[in-house]
Amino acid sequence: MIEKIINIIPQKLACFVEKHLKKIPYVQNKVNKEIDGVMKDLETSLKPYKDTFQSNTCLPKTPLEKDDILNQILEMNTREEDKWKKGYASGAVYHGNQEHIEFLNQVYAATSQMNPLHSDLWPSASKFEAEIIAMTATMLSSKKTDDPICGTVTSGGTESILLAMKTYRDFARAKKNIKKPELIVPVTAHAAFDKACQYFNIKMQHIRVNEYFQADISRVKKAVNKNTIAIVGSAPSFPHGTIDPIEEMSAIALEHNIGFHTDACLGGFVLPFAEKLGFDVPVFDFRLKGVTSMSADTHKYGYAAKGTSVIMYRGEELRHFQYYTATDWPGGLYFSPTFAGSRPGALSAACWASLLSIGEKGYLTATQKIMDTANKIRQEICDIPELYILGKPLWVIAFASKKLNIYRVLDEMSQKGWSLNGLHKPSCVHIAITLLHTREGVCQRFIDDLKQAVEKVKMTRDTKKGMAPVYGMAATLPARGIVSDILKKYLDIYYKAK
Ligand SMILES: *Cc1c(COP(=O)(O)O)cnc(C)c1O
(Lines give C-alpha, C1' and ligand atoms only; values in the text may rest on other atoms or scores of the structure.)
Protein backbone atom coordinates (compact mmCIF):
# COMPACT_ATOMS: atom_id res chain seq x y z
CA MET A 1 0.00 0.00 0.00
CA ILE A 2 2.71 2.46 1.03
CA GLU A 3 4.63 1.54 -2.08
CA LYS A 4 1.58 2.26 -4.17
CA ILE A 5 1.17 5.72 -2.70
CA ILE A 6 4.82 6.58 -3.19
CA ASN A 7 4.52 5.43 -6.78
CA ILE A 8 1.59 7.69 -7.43
CA ILE A 9 2.71 10.87 -5.69
CA PRO A 10 5.59 11.98 -7.92
CA GLN A 11 3.48 11.46 -11.05
CA LYS A 12 0.51 13.37 -9.68
CA LEU A 13 2.70 16.07 -8.24
CA ALA A 14 4.49 16.51 -11.53
CA CYS A 15 1.20 16.87 -13.38
CA PHE A 16 -0.02 19.40 -10.83
CA VAL A 17 3.15 21.46 -10.97
CA GLU A 18 3.18 21.31 -14.75
CA LYS A 19 -0.39 22.49 -15.04
CA HIS A 20 0.15 25.47 -12.77
CA LEU A 21 3.64 26.41 -13.89
CA LYS A 22 2.52 26.57 -17.49
CA LYS A 23 0.01 29.25 -16.51
CA ILE A 24 2.78 31.63 -15.44
CA PRO A 25 3.59 33.78 -18.49
CA TYR A 26 7.35 33.81 -17.77
CA VAL A 27 7.55 30.03 -17.62
CA GLN A 28 5.27 29.69 -20.63
CA ASN A 29 7.48 32.00 -22.69
CA LYS A 30 10.66 30.25 -21.70
CA VAL A 31 9.28 26.79 -22.42
CA ASN A 32 7.81 27.91 -25.75
CA LYS A 33 11.10 29.48 -26.82
CA GLU A 34 13.05 26.33 -26.07
CA ILE A 35 10.49 24.20 -27.90
CA ASP A 36 10.50 26.53 -30.93
CA GLY A 37 14.26 26.16 -31.20
CA VAL A 38 14.06 22.39 -31.12
CA MET A 39 11.21 22.42 -33.64
CA LYS A 40 13.19 24.53 -36.12
CA ASP A 41 16.03 21.98 -36.07
CA LEU A 42 13.63 19.10 -36.50
CA GLU A 43 11.87 20.82 -39.40
CA THR A 44 15.13 21.35 -41.27
CA SER A 45 15.96 17.66 -41.11
CA LEU A 46 12.42 16.55 -41.95
CA LYS A 47 12.05 18.78 -45.02
CA PRO A 48 15.32 18.50 -46.97
CA TYR A 49 13.58 18.81 -50.35
CA LYS A 50 11.98 22.19 -49.73
CA ASP A 51 14.37 24.04 -52.02
CA THR A 52 15.08 21.31 -54.60
CA PHE A 53 11.60 20.20 -55.55
CA GLN A 54 8.40 22.12 -56.09
CA SER A 55 5.77 21.76 -53.36
CA ASN A 56 2.38 20.55 -54.55
CA THR A 57 -0.57 21.83 -52.57
CA CYS A 58 -3.19 21.48 -55.26
CA LEU A 59 -3.59 19.14 -58.21
CA PRO A 60 -1.54 20.22 -61.22
CA LYS A 61 -3.80 21.90 -63.80
CA THR A 62 -2.34 19.74 -66.51
CA PRO A 63 -0.78 16.35 -65.85
CA LEU A 64 2.95 16.20 -65.25
CA GLU A 65 5.13 14.07 -67.50
CA LYS A 66 5.44 10.56 -66.07
CA ASP A 67 9.19 10.65 -66.63
CA ASP A 68 9.47 13.82 -64.56
CA ILE A 69 7.47 12.32 -61.73
CA LEU A 70 9.51 9.16 -61.79
CA ASN A 71 12.75 11.11 -61.89
CA GLN A 72 11.76 13.09 -58.81
CA ILE A 73 11.02 9.90 -56.90
CA LEU A 74 14.23 8.23 -58.07
CA GLU A 75 16.27 11.29 -57.11
CA MET A 76 14.88 11.28 -53.58
CA ASN A 77 15.29 7.51 -53.38
CA THR A 78 18.93 7.73 -54.46
CA ARG A 79 19.65 10.25 -51.75
CA GLU A 80 17.91 8.17 -49.11
CA GLU A 81 18.91 4.59 -49.86
CA ASP A 82 22.62 5.07 -49.40
CA LYS A 83 22.38 5.11 -45.62
CA TRP A 84 20.39 1.97 -45.01
CA LYS A 85 22.06 0.07 -47.85
CA LYS A 86 25.44 0.63 -46.25
CA GLY A 87 24.11 -0.75 -42.97
CA TYR A 88 23.98 2.51 -41.01
CA ALA A 89 20.47 1.88 -39.66
CA SER A 90 19.31 -0.01 -36.60
CA GLY A 91 16.48 -2.31 -37.74
CA ALA A 92 14.42 -0.48 -40.41
CA VAL A 93 15.43 -2.63 -43.41
CA TYR A 94 15.97 -6.21 -42.36
CA HIS A 95 17.15 -7.98 -45.51
CA GLY A 96 18.24 -5.38 -48.04
CA ASN A 97 19.70 -7.70 -50.67
CA GLN A 98 19.07 -6.16 -54.11
CA GLU A 99 18.04 -9.44 -55.74
CA HIS A 100 15.56 -10.16 -52.97
CA ILE A 101 14.09 -6.65 -53.20
CA GLU A 102 13.72 -6.90 -56.96
CA PHE A 103 11.98 -10.26 -56.63
CA LEU A 104 9.46 -8.81 -54.16
CA ASN A 105 8.94 -5.81 -56.45
CA GLN A 106 8.20 -8.18 -59.34
CA VAL A 107 5.54 -9.92 -57.28
CA TYR A 108 4.09 -6.56 -56.20
CA ALA A 109 4.00 -5.28 -59.78
CA ALA A 110 2.07 -8.37 -60.90
CA THR A 111 -0.53 -8.10 -58.12
CA SER A 112 -0.84 -4.38 -57.35
CA GLN A 113 -4.61 -4.29 -58.08
CA MET A 114 -5.46 -7.20 -55.79
CA ASN A 115 -7.89 -6.56 -52.91
CA PRO A 116 -8.63 -9.45 -50.54
CA LEU A 117 -11.99 -7.78 -49.75
CA HIS A 118 -13.08 -9.04 -53.19
CA SER A 119 -12.15 -12.67 -52.80
CA ASP A 120 -14.41 -13.60 -55.71
CA LEU A 121 -12.10 -11.65 -58.02
CA TRP A 122 -8.89 -12.72 -56.32
CA PRO A 123 -9.18 -16.16 -54.71
CA SER A 124 -5.40 -16.28 -54.90
CA ALA A 125 -5.34 -13.74 -52.03
CA SER A 126 -7.03 -16.35 -49.84
CA LYS A 127 -4.37 -18.90 -50.76
CA PHE A 128 -1.53 -16.47 -50.03
CA GLU A 129 -2.89 -15.32 -46.67
CA ALA A 130 -4.02 -18.75 -45.44
CA GLU A 131 -0.60 -20.17 -46.23
CA ILE A 132 1.32 -17.25 -44.66
CA ILE A 133 -0.59 -17.91 -41.43
CA ALA A 134 -0.17 -21.70 -41.65
CA MET A 135 3.58 -21.46 -42.26
CA THR A 136 4.05 -18.94 -39.43
CA ALA A 137 1.90 -20.95 -37.02
CA THR A 138 3.77 -24.19 -37.76
CA MET A 139 7.06 -22.38 -37.21
CA LEU A 140 5.82 -21.17 -33.81
CA SER A 141 4.27 -24.35 -32.48
CA SER A 142 6.35 -27.14 -34.01
CA LYS A 143 2.92 -28.80 -34.42
CA LYS A 144 3.34 -29.84 -30.78
CA THR A 145 -0.07 -28.57 -29.78
CA ASP A 146 -3.49 -30.20 -30.17
CA ASP A 147 -5.34 -26.91 -30.49
CA PRO A 148 -5.55 -25.54 -34.01
CA ILE A 149 -3.51 -22.36 -34.31
CA CYS A 150 -5.24 -19.87 -36.59
CA GLY A 151 -4.89 -16.18 -37.36
CA THR A 152 -5.04 -13.36 -39.87
CA VAL A 153 -2.59 -11.32 -41.89
CA THR A 154 -2.44 -7.68 -40.76
CA SER A 155 -0.73 -4.48 -41.87
CA GLY A 156 2.01 -4.61 -39.22
CA GLY A 157 2.93 -5.40 -35.65
CA THR A 158 0.86 -2.59 -34.21
CA GLU A 159 -2.28 -3.75 -35.98
CA SER A 160 -1.65 -7.33 -34.85
CA ILE A 161 -1.39 -6.15 -31.24
CA LEU A 162 -4.37 -3.78 -31.41
CA LEU A 163 -6.52 -6.56 -32.87
CA ALA A 164 -5.49 -9.10 -30.25
CA MET A 165 -6.24 -6.69 -27.40
CA LYS A 166 -9.63 -5.80 -28.88
CA THR A 167 -10.28 -9.53 -29.23
CA TYR A 168 -9.50 -10.21 -25.56
CA ARG A 169 -11.67 -7.28 -24.49
CA ASP A 170 -14.67 -8.47 -26.49
CA PHE A 171 -14.15 -12.11 -25.52
CA ALA A 172 -14.03 -11.21 -21.82
CA ARG A 173 -17.15 -9.05 -22.12
CA ALA A 174 -19.11 -11.77 -23.89
CA LYS A 175 -17.88 -14.81 -21.97
CA LYS A 176 -17.07 -13.46 -18.52
CA ASN A 177 -19.14 -10.31 -18.35
CA ILE A 178 -16.03 -8.21 -17.68
CA LYS A 179 -17.03 -4.58 -18.17
CA LYS A 180 -13.91 -2.87 -16.84
CA PRO A 181 -11.18 -4.77 -18.63
CA GLU A 182 -7.57 -4.65 -17.42
CA LEU A 183 -4.39 -5.72 -19.18
CA ILE A 184 -1.11 -6.67 -17.47
CA VAL A 185 1.83 -5.29 -19.46
CA PRO A 186 5.55 -5.12 -18.60
CA VAL A 187 6.87 -1.54 -18.97
CA THR A 188 9.27 -2.78 -21.66
CA ALA A 189 6.46 -4.12 -23.89
CA HIS A 190 5.86 -2.21 -27.12
CA ALA A 191 3.93 1.07 -26.98
CA ALA A 192 1.30 -0.58 -29.19
CA PHE A 193 -0.17 -2.16 -26.03
CA ASP A 194 -0.61 1.25 -24.44
CA LYS A 195 -2.14 2.45 -27.70
CA ALA A 196 -4.57 -0.49 -27.61
CA CYS A 197 -5.55 0.38 -24.04
CA GLN A 198 -6.18 4.02 -25.03
CA TYR A 199 -8.17 3.11 -28.13
CA PHE A 200 -10.28 0.37 -26.55
CA ASN A 201 -10.77 1.68 -23.04
CA ILE A 202 -8.74 -0.97 -21.30
CA LYS A 203 -6.98 -0.20 -18.03
CA MET A 204 -3.29 -0.94 -18.27
CA GLN A 205 -1.44 -2.40 -15.30
CA HIS A 206 2.25 -1.75 -15.82
CA ILE A 207 4.67 -4.33 -14.46
CA ARG A 208 8.22 -3.38 -13.54
CA VAL A 209 11.17 -5.33 -14.89
CA ASN A 210 14.05 -6.94 -13.01
CA GLU A 211 17.77 -6.18 -13.36
CA TYR A 212 17.82 -8.17 -16.62
CA PHE A 213 14.93 -6.12 -18.01
CA GLN A 214 12.50 -9.03 -17.81
CA ALA A 215 9.00 -8.78 -16.33
CA ASP A 216 8.99 -9.31 -12.57
CA ILE A 217 6.94 -12.50 -12.11
CA SER A 218 5.92 -11.83 -8.51
CA ARG A 219 4.43 -8.50 -9.58
CA VAL A 220 2.57 -10.17 -12.43
CA LYS A 221 1.07 -12.62 -9.94
CA LYS A 222 -0.05 -9.82 -7.65
CA ALA A 223 -1.54 -7.77 -10.49
CA VAL A 224 -4.08 -10.38 -11.61
CA ASN A 225 -7.63 -9.59 -10.54
CA LYS A 226 -11.18 -10.39 -11.61
CA ASN A 227 -11.07 -7.77 -14.38
CA THR A 228 -7.84 -9.00 -15.95
CA ILE A 229 -8.44 -10.02 -19.56
CA ALA A 230 -4.87 -10.93 -20.51
CA ILE A 231 -1.15 -10.81 -19.67
CA VAL A 232 1.50 -9.73 -22.17
CA GLY A 233 5.12 -10.84 -22.61
CA SER A 234 7.73 -10.00 -25.26
CA ALA A 235 10.04 -12.37 -27.14
CA PRO A 236 12.08 -10.29 -27.24
CA SER A 237 11.21 -6.73 -26.20
CA PHE A 238 11.94 -3.87 -28.58
CA PRO A 239 14.02 -1.71 -26.18
CA HIS A 240 16.55 -4.15 -24.73
CA GLY A 241 16.03 -7.29 -26.81
CA THR A 242 15.46 -9.46 -23.75
CA ILE A 243 12.89 -12.24 -23.52
CA ASP A 244 10.34 -12.09 -20.69
CA PRO A 245 9.87 -15.24 -18.55
CA ILE A 246 7.11 -16.38 -20.90
CA GLU A 247 6.83 -19.88 -19.45
CA GLU A 248 6.12 -18.65 -15.92
CA MET A 249 3.94 -15.74 -17.04
CA SER A 250 1.79 -17.85 -19.35
CA ALA A 251 1.39 -20.42 -16.56
CA ILE A 252 -0.08 -17.69 -14.36
CA ALA A 253 -2.51 -16.82 -17.16
CA LEU A 254 -3.47 -20.48 -17.60
CA GLU A 255 -4.05 -20.88 -13.88
CA HIS A 256 -6.45 -17.91 -13.87
CA ASN A 257 -8.05 -18.87 -17.17
CA ILE A 258 -7.14 -15.56 -18.84
CA GLY A 259 -5.39 -14.78 -22.12
CA PHE A 260 -1.65 -14.59 -22.67
CA HIS A 261 -0.14 -12.78 -25.64
CA THR A 262 3.46 -13.39 -26.68
CA ASP A 263 4.63 -10.39 -28.68
CA ALA A 264 7.08 -11.99 -31.10
CA CYS A 265 6.82 -9.15 -33.61
CA LEU A 266 10.58 -8.78 -33.44
CA GLY A 267 11.60 -12.34 -32.63
CA GLY A 268 9.04 -14.50 -34.42
CA PHE A 269 11.23 -15.11 -37.45
CA VAL A 270 14.53 -15.29 -35.55
CA LEU A 271 14.03 -17.25 -32.32
CA PRO A 272 12.71 -20.53 -33.83
CA PHE A 273 15.80 -20.68 -36.03
CA ALA A 274 18.18 -19.57 -33.28
CA GLU A 275 16.80 -22.45 -31.20
CA LYS A 276 17.42 -24.91 -34.03
CA LEU A 277 20.97 -23.55 -34.35
CA GLY A 278 21.62 -24.33 -30.70
CA PHE A 279 21.41 -20.87 -29.16
CA ASP A 280 19.99 -20.57 -25.66
CA VAL A 281 16.34 -19.74 -26.43
CA PRO A 282 13.64 -20.37 -23.82
CA VAL A 283 10.30 -21.73 -25.07
CA PHE A 284 8.07 -18.72 -25.79
CA ASP A 285 5.49 -19.92 -28.33
CA PHE A 286 2.35 -22.08 -28.68
CA ARG A 287 4.19 -25.07 -27.25
CA LEU A 288 3.33 -23.40 -23.94
CA LYS A 289 -0.28 -24.26 -23.13
CA GLY A 290 -0.95 -20.84 -21.59
CA VAL A 291 0.00 -18.86 -24.69
CA THR A 292 -3.30 -18.01 -26.37
CA SER A 293 -2.14 -15.48 -28.98
CA MET A 294 1.04 -14.36 -30.70
CA SER A 295 2.13 -11.61 -33.07
CA ALA A 296 5.01 -12.14 -35.52
CA ASP A 297 6.10 -9.54 -38.04
CA THR A 298 6.70 -10.82 -41.53
CA HIS A 299 7.83 -7.32 -42.51
CA LYS A 300 10.71 -7.45 -40.04
CA TYR A 301 12.79 -10.64 -39.93
CA GLY A 302 10.35 -12.42 -42.28
CA TYR A 303 12.07 -10.20 -44.87
CA ALA A 304 8.82 -9.27 -46.64
CA ALA A 305 8.09 -5.76 -47.94
CA LYS A 306 6.75 -3.28 -45.38
CA GLY A 307 3.09 -3.69 -44.50
CA THR A 308 2.46 -7.22 -43.24
CA SER A 309 2.40 -9.07 -39.93
CA VAL A 310 0.61 -12.14 -38.59
CA ILE A 311 -1.67 -12.35 -35.55
CA MET A 312 -2.34 -15.88 -34.33
CA TYR A 313 -4.77 -17.39 -31.83
CA ARG A 314 -5.10 -20.71 -30.07
CA GLY A 315 -8.45 -21.91 -31.41
CA GLU A 316 -10.96 -20.36 -33.77
CA GLU A 317 -13.35 -19.21 -31.07
CA LEU A 318 -10.99 -16.42 -30.02
CA ARG A 319 -10.42 -15.36 -33.63
CA HIS A 320 -14.18 -14.88 -34.07
CA PHE A 321 -14.00 -12.00 -31.60
CA GLN A 322 -11.59 -10.22 -33.92
CA TYR A 323 -13.84 -10.42 -37.00
CA TYR A 324 -16.30 -7.70 -37.94
CA THR A 325 -19.64 -8.44 -39.59
CA ALA A 326 -22.49 -6.13 -40.65
CA THR A 327 -25.71 -7.88 -41.55
CA ASP A 328 -28.14 -4.96 -41.94
CA TRP A 329 -26.14 -2.45 -43.95
CA PRO A 330 -27.80 -1.21 -47.17
CA GLY A 331 -24.40 -1.73 -48.78
CA GLY A 332 -24.94 -5.46 -48.48
CA LEU A 333 -23.60 -8.17 -46.24
CA TYR A 334 -20.26 -6.87 -45.12
CA PHE A 335 -17.51 -8.58 -43.20
CA SER A 336 -13.83 -7.99 -42.71
CA PRO A 337 -11.18 -9.69 -40.58
CA THR A 338 -9.08 -6.66 -39.54
CA PHE A 339 -9.38 -2.88 -39.05
CA ALA A 340 -9.05 -2.07 -42.74
CA GLY A 341 -11.74 -2.55 -45.35
CA SER A 342 -9.94 -2.74 -48.64
CA ARG A 343 -6.49 -4.21 -48.23
CA PRO A 344 -3.33 -4.39 -50.34
CA GLY A 345 -3.35 -7.99 -51.58
CA ALA A 346 -0.07 -7.33 -53.34
CA LEU A 347 1.66 -7.05 -49.95
CA SER A 348 0.31 -10.46 -48.97
CA ALA A 349 1.48 -11.88 -52.28
CA ALA A 350 4.95 -10.40 -51.74
CA CYS A 351 4.99 -11.71 -48.16
CA TRP A 352 4.02 -15.21 -49.33
CA ALA A 353 6.75 -15.02 -51.96
CA SER A 354 9.29 -13.90 -49.35
CA LEU A 355 8.57 -16.85 -47.04
CA LEU A 356 8.72 -19.36 -49.90
CA SER A 357 11.82 -17.95 -51.54
CA ILE A 358 13.83 -17.87 -48.31
CA GLY A 359 12.59 -21.10 -46.80
CA GLU A 360 13.77 -22.72 -43.58
CA LYS A 361 17.31 -23.02 -44.89
CA GLY A 362 17.45 -19.33 -45.76
CA TYR A 363 16.13 -18.27 -42.37
CA LEU A 364 18.62 -20.53 -40.61
CA THR A 365 21.53 -19.05 -42.57
CA ALA A 366 20.27 -15.50 -41.98
CA THR A 367 19.83 -16.12 -38.25
CA GLN A 368 23.30 -17.64 -37.92
CA LYS A 369 24.85 -14.59 -39.59
CA ILE A 370 22.88 -12.18 -37.43
CA MET A 371 23.81 -14.05 -34.23
CA ASP A 372 27.50 -14.16 -35.18
CA THR A 373 27.55 -10.42 -35.88
CA ALA A 374 25.61 -9.69 -32.69
CA ASN A 375 28.08 -11.80 -30.69
CA LYS A 376 31.01 -9.81 -32.02
CA ILE A 377 29.31 -6.47 -31.38
CA ARG A 378 28.36 -7.49 -27.83
CA GLN A 379 31.93 -8.55 -27.08
CA GLU A 380 33.40 -5.38 -28.51
CA ILE A 381 30.98 -3.18 -26.55
CA CYS A 382 31.93 -5.08 -23.38
CA ASP A 383 35.56 -4.20 -24.11
CA ILE A 384 34.82 -0.46 -24.14
CA PRO A 385 35.29 0.43 -20.44
CA GLU A 386 32.92 3.43 -20.57
CA LEU A 387 29.99 1.35 -21.86
CA TYR A 388 27.92 -1.56 -20.58
CA ILE A 389 25.16 -3.71 -22.08
CA LEU A 390 21.68 -3.82 -20.58
CA GLY A 391 20.33 -7.26 -19.71
CA LYS A 392 21.37 -10.36 -21.63
CA PRO A 393 20.31 -9.68 -25.19
CA LEU A 394 20.71 -11.85 -28.27
CA TRP A 395 20.69 -9.57 -31.33
CA VAL A 396 18.96 -6.35 -30.25
CA ILE A 397 21.66 -4.75 -28.15
CA ALA A 398 21.07 -1.83 -25.81
CA PHE A 399 24.05 -0.12 -24.21
CA ALA A 400 24.49 2.67 -21.69
CA SER A 401 27.23 4.42 -19.74
CA LYS A 402 27.80 5.18 -16.09
CA LYS A 403 30.43 7.81 -16.93
CA LEU A 404 29.27 9.54 -20.10
CA ASN A 405 26.09 11.09 -21.43
CA ILE A 406 25.00 8.25 -23.72
CA TYR A 407 22.92 10.62 -25.84
CA ARG A 408 26.08 12.50 -26.75
CA VAL A 409 27.58 9.21 -27.90
CA LEU A 410 24.40 8.77 -29.96
CA ASP A 411 24.91 12.26 -31.43
CA GLU A 412 28.49 11.48 -32.37
CA MET A 413 27.35 8.26 -34.04
CA SER A 414 24.72 10.25 -35.96
CA GLN A 415 27.47 12.61 -37.11
CA LYS A 416 29.24 9.58 -38.56
CA GLY A 417 26.09 8.59 -40.44
CA TRP A 418 24.59 6.05 -38.02
CA SER A 419 20.85 5.95 -37.37
CA LEU A 420 20.61 4.21 -33.99
CA ASN A 421 17.70 4.30 -31.54
CA GLY A 422 17.84 6.53 -28.47
CA LEU A 423 15.85 4.99 -25.60
CA HIS A 424 15.06 6.16 -22.09
CA LYS A 425 14.11 4.94 -18.62
CA PRO A 426 16.98 4.14 -18.32
CA SER A 427 18.91 6.29 -20.81
CA CYS A 428 20.50 4.05 -23.41
CA VAL A 429 21.02 3.47 -27.12
CA HIS A 430 20.25 0.32 -29.06
CA ILE A 431 21.08 -1.33 -32.34
CA ALA A 432 18.91 -4.07 -33.85
CA ILE A 433 21.23 -6.22 -35.94
CA THR A 434 19.93 -6.97 -39.43
CA LEU A 435 21.37 -8.82 -42.41
CA LEU A 436 22.80 -5.50 -43.63
CA HIS A 437 25.13 -5.46 -40.61
CA THR A 438 26.45 -8.91 -41.47
CA ARG A 439 28.02 -7.64 -44.69
CA GLU A 440 31.77 -7.32 -45.05
CA GLY A 441 33.18 -4.43 -43.02
CA VAL A 442 29.95 -3.08 -41.52
CA CYS A 443 30.39 -4.59 -38.06
CA GLN A 444 33.99 -3.38 -37.82
CA ARG A 445 32.97 0.10 -38.98
CA PHE A 446 30.35 0.20 -36.24
CA ILE A 447 32.88 -0.78 -33.58
CA ASP A 448 35.52 1.66 -34.83
CA ASP A 449 32.99 4.49 -35.01
CA LEU A 450 31.62 3.67 -31.56
CA LYS A 451 35.09 3.70 -30.01
CA GLN A 452 35.85 7.04 -31.66
CA ALA A 453 32.49 8.45 -30.55
CA VAL A 454 33.17 7.48 -26.95
CA GLU A 455 36.65 9.06 -27.09
CA LYS A 456 35.22 12.25 -28.59
CA VAL A 457 32.59 12.56 -25.86
CA LYS A 458 35.26 11.93 -23.21
CA MET A 459 37.47 14.69 -24.61
CA THR A 460 34.86 17.39 -25.22
CA ARG A 461 32.42 19.22 -23.03
CA ASP A 462 28.63 19.24 -23.27
CA THR A 463 27.13 21.62 -25.80
CA LYS A 464 23.57 22.62 -26.49
CA LYS A 465 23.91 21.35 -30.05
CA GLY A 466 22.47 18.14 -31.45
CA MET A 467 19.79 15.87 -30.08
CA ALA A 468 21.50 15.04 -26.77
CA PRO A 469 19.91 17.95 -24.86
CA VAL A 470 16.51 17.05 -26.35
CA TYR A 471 16.82 13.40 -25.33
CA GLY A 472 18.18 14.49 -21.98
CA MET A 473 15.23 16.79 -21.43
CA ALA A 474 12.70 14.26 -22.70
CA ALA A 475 14.14 11.59 -20.42
CA THR A 476 14.22 13.64 -17.25
CA LEU A 477 11.46 16.26 -17.56
CA PRO A 478 8.79 15.41 -15.01
CA ALA A 479 6.23 17.37 -17.04
CA ARG A 480 5.28 14.65 -19.53
CA GLY A 481 2.55 16.86 -21.00
CA ILE A 482 5.18 19.17 -22.49
CA VAL A 483 7.03 16.23 -24.02
CA SER A 484 3.76 14.97 -25.47
CA ASP A 485 3.05 18.42 -26.95
CA ILE A 486 6.45 18.42 -28.65
CA LEU A 487 5.76 15.03 -30.24
CA LYS A 488 2.41 16.25 -31.54
CA LYS A 489 4.04 19.35 -33.00
CA TYR A 490 6.53 17.09 -34.75
CA LEU A 491 3.68 15.20 -36.39
CA ASP A 492 2.16 18.52 -37.46
CA ILE A 493 5.43 19.38 -39.19
CA TYR A 494 5.47 15.96 -40.86
CA TYR A 495 2.16 16.82 -42.52
CA LYS A 496 3.17 20.32 -43.61
CA ALA A 497 3.28 20.41 -47.42
CA LYS A 498 4.82 23.81 -47.67
C1 LIG B 1 8.25 -3.53 -34.14
C2 LIG B 1 7.58 -4.08 -32.96
C3 LIG B 1 6.20 -3.92 -32.77
C4 LIG B 1 5.34 -3.07 -33.64
O5 LIG B 1 5.42 -3.37 -34.98
P6 LIG B 1 5.11 -2.32 -36.14
O7 LIG B 1 5.24 -3.18 -37.33
O8 LIG B 1 6.12 -1.23 -36.06
O9 LIG B 1 3.74 -1.80 -35.96
C10 LIG B 1 5.65 -4.54 -31.66
N11 LIG B 1 6.39 -5.23 -30.79
C12 LIG B 1 7.72 -5.38 -30.94
C13 LIG B 1 8.50 -6.17 -29.93
C14 LIG B 1 8.36 -4.79 -32.02
O15 LIG B 1 9.68 -4.91 -32.16
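Me: How many aromatic pairs does the structure hold?
Reply: The model is a predicted one. Ring pairs count when the centres lie within 6.5 Å. On that basis the number of aromatic pairs in the structure is 16.

Me: What is the geometry of the pair formed by F171 and F321?
Reply: The two ring centres are 5.4 Å apart, and the planes stand at 85°. Planes over 60 degrees apart count as edge-to-face. The geometry of F171 and F321 is therefore edge-to-face.

Me: How many residues apart in sequence are the parts that this pair ties together?
Reply: F171 belongs to helix 6 (residues 157-176), whereas F321 sits in the loop between helix 11 (316-320) and strand 8 (324-326). Both F171 and F321 are buried. Because of these locations, the pair ties together parts whose separation in sequence is 150 residues.

Me: Which residues of helix 16 meet helix 2?
Reply: The axes of helix 2 (residues 25-46) and helix 16 (residues 480-494) come within 10 Å and cross at roughly 35°, and the crossing is right-handed. Helix 2 contributes V31, I35, M39, L42, E43 and L46. By class, the contact has 10 nonpolar, no polar and 2 charged residues. The residues on the helix 16 side are I482, I486, K489, Y490, I493 and Y494.

Me: Which strands stand at the edges of the open sheet of 7 strands?
Reply: The strand order is 1-7-6-5-4-2-3, with mixed pairing.

Me: What is the bridge partner of A230 in strand 5?
Reply: Strand 4 (residues 228-234) and strand 5 (residues 259-264) run parallel and are joined by 5 bridges. In strand 5, the partner of A230 is G259.

Me: At about what angle to strand 4 does helix 9 run?
Reply: Helix 9 (residues 246-255) lies across strand 2 (182-186), strand 4 and strand 5. Its angle to strand 4 is about 175°.

Note on methods. Residues are numbered from 1 along each chain as its sequence is written. This is a predicted model: local features need pLDDT of at least 70, side-chain atom pairs count only at pLDDT 80 or more; totals for chains, interfaces and linings use all residues. Side-chain values use heavy atoms; hydrogens and water are left out. Two strands pair if DSSP finds at least two bridges between them. Helices (H or I, at least four residues) and strands (E, at least two) are DSSP runs, numbered from the N terminus. Contact means heavy atoms within 4.5 Å. Axes are lines fitted to C-alpha atoms, for helices over the stretch in contact, and angles run from 0 to 180 degrees between N-to-C directions. A crossing is left-handed if the near helix is turned anticlockwise from the far one by less than a right angle, and right-handed if clockwise. Ala, Val, Leu, Ile, Met, Phe, Trp, Tyr, Cys and Pro count as nonpolar, Asp, Glu, Lys and Arg as charged, and the others, Gly among them, as polar. Rings of Phe, Tyr and Trp (its six-membered ring) pair if their centres lie within 6.5 Å; planes under 30 degrees apart count as stacked, over 60 as edge-to-face and the rest as tilted. Buried means under 20% relative accessible area, exposed over 50%, partly exposed in between (1.4 Å probe, protein chains only).
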